[in-house]
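Visitor: Can you walk me through this one? I'd like the overall picture, then the details.

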Amino acid sequence: MAMEWGRWPALAARRLVLVAAICAFTAADGCLELHPPRVVVRHGDPVSVNCTVSTDHSSMGWAAPVDEVPNTPDVQFVTWRVESLTIWDLRPLCYANRPGKQCMERLSVTVYKPPDSVSVSSVNSTDSMVEGSQYQLKCEIQNIAPVQNLTVKWYKGDTLVHEDRDYVIKDGKSDREKAPVSVASIVLITANRTTNRTDDNVQYSCGAELDLGPEAPQPPLAVKSTPLNITVHYKPTINPIDTLLYVRRGHSAVLNCSAKGNPPPNIVWMLKGQRLPTQDGIYTISEIDHEGNYTCRASNNLGIHEETMRVIVTENYMPLIAGILVVLVLAISLAFCVIYSIYYKNKKMGHYSLKNVKLCTQNGNVAQNGNSLPMTRLPE
């Protein structure tokens with residue numbers, strides 16, 4: 001018997017119950033086809049689905065809790081259309097009346113809603129953590145639907161570190177709830193610096209992702225929290241220094257020590273247990289200092305790190321070497337002068353004889369008017 005759904009002023013819920021009862025006594029042979037067969041719609045958005053019949057029938061319609069389509073004769077398809085879908089849990093039913101039985105096809109509808117907010121915080125209520133210690137972080141997601149499609153994702157920086165589907169649903173609601181719910185996810189972390197250990201600050205964030213299937217918007221809807229900045233505190237580590245240093249006696253030398261740590265470490269040089277005046281990790285060895293083991297100590301409230309440098313004072317032989325070189329230069333120069341003088345005297349200067357010299361007696365003067373005395377050169 002054909003059912004005239006549109007002629008009775010009954011509630012939609014009652015009609016759905018009646019259709020379900022009929023379904024128990026009739027068999028569907030696939031004579032109806034829905035386009036699309038499944039819909040994923042955002043809460044408050046419009047939706048439209050066609051139902052087409054492929055066999056002889058007398059009438060067809062849609063049974064739904066909102067905007068139902070009354071039983072309509074002599075049509076090949078009917079459209080269920082809602083301008084603004086605000087019902088969370090519904091399964092509209094398309095039916096077609098045939099002689100002796102009824103065809104029915106139920107539409108799968110998923111209504112979703114992005115969360116109002118996603119936030120992350122430290123359960124321990126602190127922005128600083130000690131390296132190597134464990135802490136709890138909480139991700140709170142407000143008013144999201146449907147919760148059974150939710151995955152909470154945790155990130156360290158941009159790296160995914162954990163996925164959680166075992167979250168806590170607030171207000172005691174069921175995980176099969178279709179309407180929006182609020183959830184909380186707790187994760188246990190170990191405080192560490194960045195991978196390359198060059199940055200003391202790390203960021204954690206969480207995200208709410210709804211995987212609603214291929215009919216939903218792609219990629220899946222995801223809302224991420226603002227990152228939580230965490231400062232990691234750790235004990236000092238001294239940067240590598242030389243273990244042995246030679247210093248000439250009478251000269252000074254600079255000892256330099258640097259260290260990493262958070263809070264920033266205090267750095268001091270020590271000799272025989274005594275603190276030395278150190279500025280920014282630098283101590284200058286003066287002429288009155290002695291050789292020995294100089295220790296660099298870096299400390300903060302989390303620990304102490306020490307490294308030792310052995311300083312050896314060597315004698316300064318440079319003045320002696322310089323004096324010897326000067327003496328050698330002077331000796332060589334003197335020897336050269338003596339040799340040159342002897343050579344020049346023997347090879348360059350001639351021998352002369354004053355025999356048979358005729359003196360000029362003019363005016364009683366010798367060698368007047370610039371005339372020289374006549375001389376005879378002797379054979380060598």
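**Burial, strands and cores**

Guide: Of the 380 residues in the protein chain, 34% count as buried. Keep in mind that this is a predicted model.

Visitor: What is the mean pLDDT of the chain?

Guide: The average pLDDT is 82. A score of at least 70 is reached by 79% of the residues.

Visitor: And where is the pLDDT below 50?

Guide: Residues 1-28 are below 50. That stretch still has 36 contacts in the model beyond near neighbours in sequence. Residues 359-373 are below 50 as well, with eight such contacts. Where pLDDT is low, the predicted coordinates should not be read in detail.

Visitor: How many helices and strands?

Guide: Two helices and 29 strands.

Visitor: What share of the contacts comes from residues 24 or more positions apart?

Guide: Counting contacts with a separation of 6 or more, 63% come from residues 24 or more positions apart.

Visitor: Let's pick a strand. Is strand 16 mostly covered or mostly open?

Guide: Mostly covered. Strand 16 spans residues 181-190, and seven of its ten residues are buried.

Visitor: Which strands pair with strand 16?

Guide: Strand 12, residues 134-144, pairs with strand 16 in the antiparallel sense over nine bridges. Gln 134 has Thr 190 of strand 16 as its bridge partner. Strand 15, residues 168-169, also pairs antiparallel with strand 16, over two bridges.

Visitor: Now the nonpolar cores. Which residues of the largest one touch the most other members?

Guide: The largest core has 31 residues. Leu 137, Ile 141, Leu 150, Trp 154, Val 183, Ile 189 and Ile 230 touch the most other members.

Visitor: Which elements give two or more residues to that core?

Guide: They are strands 10 (117-122), 12, 13 (150-156), 16, 17 (201-210) and 19 (228-238).

Visitor: Take Leu 150. What is it in contact with, leaving aside neighbours within four places?

Guide: Leu 150 contacts Ile 141, Ile 144, Arg 165, Tyr 167, Val 183, Ala 208, Glu 209 and Leu 210.

Visitor: And the second core: what does it include?

Guide: It is separate and has 27 residues. Cys 31, Leu 32, Val 53 and Val 69 are among them.

Visitor: How many bridges join strands 4 and 5?

Guide: Three bridges join strand 4 (residues 59-63) to strand 5, and the two run antiparallel. Met 60 has Thr 72 in strand 5 as its bridge partner.

Visitor: What about the loop between strands 4 and 5?

Guide: Asp 67 is found in that loop. Its phi is near 50°, a positive value in a residue other than glycine. Asp 67 counts as partly exposed because its relative accessibility is 40%.

Visitor: Which other Asp has a positive phi?

Guide: Asp 280, with phi near 55°. Asp 280 lies in the loop between strand 24 (274-275) and strand 25 (282-285).

Visitor: Is Asp 280 buried or exposed?

Guide: Exposed, because its relative accessibility is 70%.

Visitor: Backbone again. Where are the cis peptide bonds?

Guide: One joins Gln 218 and Pro 219, with omega about -5°. Pro 219 is in the loop between strand 17 and strand 18 (221-224). Another runs from Asn 262 to Pro 263, with omega near 5°. Pro 263 is in the loop between strand 22 (259-262) and strand 23 (266-271).

Visitor: Last topic, aromatics. How many pairs are counted?

Guide: One aromatic pair. The ring centres of Trp 62 and Trp 80 are 6.0 Å apart and their planes are at 35°, so the pair is tilted. Trp 62 sits in strand 4 and Trp 80 in strand 6 (residues 77-82), 18 residues apart.

Visitor: Are those two Trp residues buried or exposed?

Guide: Trp 62 is buried, and so is Trp 80.

How values were computed:
Residues numbered from 1 in each chain as written. Predicted model: local features only at pLDDT ≥ 70, side-chain atom pairs only at ≥ 80, totals over all residues. Heavy atoms only, no water. pLDDT = per-residue confidence, 0-100. Contact = heavy atoms within 4.5 Å. Buried < 20%, exposed > 50% of the residue type's maximum accessible area, 1.4 Å probe, protein only. Helix = DSSP H or I, 4+ residues; strand = E, 2+ residues; numbered from the N terminus. Pairing = 2+ DSSP bridges. Core = buried A, V, L, I, M, F, W, Y, C linked by side-chain atoms within 4.5 Å. Phe/Tyr/Trp six-rings, centres within 6.5 Å; stacked < 30°, edge-to-face > 60°.
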